[in-house]
Amino acid sequence: MRAFPLGFLAGLGHPPFDLWFVSLLSFAAVFVLLAQTPQWRRALALGMAFGSGYFAMSLHWIVEPFFVDPLRHGWMAPFAIVFISVGLSLFWGAGFALARWLGPRGRAVALTLTGAEILRAYVLTGFPWAMPSYVLLDRLAGQGASFVGPHGMNLAFFLVAVALAAGFKRKRGWPLAGAAAALVFALGWPLPKADAPAVSEPRPVVRLIQPNAPQHQKWDPAYSGLFFERMVRYTSEGAVRPDLIVWPETAVPVLLNYAEETLQIIARAAKGTPVVLGINRFEGTRIYNAAILLDGTGQVRARYDKHHLVPFGEYIPLGDLLSQIGITGMASQYGEGFSPGPGPALMDLGDLGKALLLICYEAVFPQDVTGAPERPDFLLHLTNDAWFGNFSGPFQHLAQARMRAVENGLPVLRAANTGVSAVIDPQGRVLASLALNTEGALDVTLPQAGAPTFYSQTGDLPLALGLIGLLLTVAWRRRRRNALTPD
């Protein structure tokens, strides 16, 4: 079937390939096929085939976590890639089928596919990784996410692909295709590089620590002490002391409950500078993936528990039942999986302002940022991308953190275990970074936050309601059209 390879090509729009125009043309091509599909059932199969190819390409890194401990989890890897690519393709298949049902040529596909992506972001805790609009991140058009969010940019992306398809499939459609091509040219205009910001007063300096601990060695007693000493050394070095030091997710190799001596070592190395670091903790029978603020005396002044956990990674749905046959969360070191925290929360960092903590997977979700109790001064992303391999996963995760910056007009500070640690400005541009699979420390100036964006104040609800209204209108017109058609 032609749709699967087209979907595979569409996935090349994401890192590390970043072939955004290939992705756009692939969507246009499959929309041509949709217009030639006579039944909604075939449209369903078309959308699923295209989606399976797209997600197999863009999410092929999903097998990497299973080979960290291959004897325990390696057998799951082929099932994981098939399950996730076919499972996610159901959303697109439903979008294609509904578009075909609403009209003989499937012209509503931009609306239905946008709706399918919104559902993908929310249903069963959501998994909006590799949304099509992310391919526009390095384009000037990608800044539109500050107004309409990533789903609104999905709609714009699909509408351009529909216009291209309409031009290509008509005998005299070249004027339309030419207009669409001009729009594509405008869509693809590169995002200007960041200039040195003009500030009237000195900005805080933050040190990001990247220990480069491979996941298969991270918890190994033969190596964990080495990685901890490495982070302590980078914390203490430097002629100028930063205003804040940040360690990545699960940086400390002991539980918070038993870490008093360990925290004192960190505080002495920090020489009075507060430290935000990732650490696991337990409370009763529950384990939490947490981040804490450590003051200059080694006391914990604030704590955040990750609330948006990775299904089948940090916890297993119906885990009590599945644990009986040996299926447990891969990320858990001390039990059957992690428990979620209460929700998005801000951490008061004094003169630096208030930071919204995002631990690893939470940066994937736009709603986890817009759902914060108040607007933060910046986003602080602690992550361990060693789970995601060395090819595409870490770079795609970085891209999503950058999109959160654009959507909210906020800078992002990102400390990653194996990389990519980075400082990101409110336009989503990487100002400085540490390369993947390298160790080091990066002293960065915290960028100034931008003005609140329209999307940060509205979220996805206006677009979702607008889509529902438009789809109901199209459905009403279909019913009216059928009623006027003689038998």
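Modeller: Strand E2 (residues 244–246) and E3 run parallel and are joined by 2 bridges; strands pair if DSSP finds at least two bridges between them. Strands (E, at least two residues) and helices (H or I, at least four) are DSSP runs, numbered from the N terminus. This is a predicted model, in which local features need pLDDT of at least 70, side-chain atom pairs count only at pLDDT 80 or more, and totals for chains, interfaces and linings use all residues. Residues are numbered from 1 along each chain as its sequence is written, and side-chain values use heavy atoms, with hydrogens and water left out.

Biologist: Which residue of E3 stands opposite valine 246?

Modeller: Valine 276 does.

Biologist: How many bridges join E3 to strand E4 (residues 286–294)?

Modeller: There are 9, and the two strands run antiparallel. Phenylalanine 282 faces isoleucine 287 in E4. The hairpin of E3 and E4 has 2 residues between the strands, and glycine 284 there takes a positive phi near 65°.

Biologist: Why is E3 described as largely enclosed?

Modeller: Buried means under 20% relative accessible area (1.4 Å probe, protein chains only). Of the 9 residues of E3 (residues 275–283), 7 are buried, so the strand is largely enclosed by the rest of the structure.

Biologist: At what angle do helices H10 and H11 pack?

Modeller: Axes are lines fitted to C-alpha atoms over the stretch in contact, and angles run from 0 to 180 degrees between N-to-C directions. H10 (residues 221–236) and H11 (residues 260–270) pack at about 30°, with axes 7 Å apart. They are therefore roughly parallel, a term for angles under 35 degrees.

Conventions:
Buried < 20%, exposed > 50% of the residue type's maximum accessible area, 1.4 Å probe, protein only. Parallel < 35°, antiparallel > 145°, perpendicular 65-115°, else oblique.
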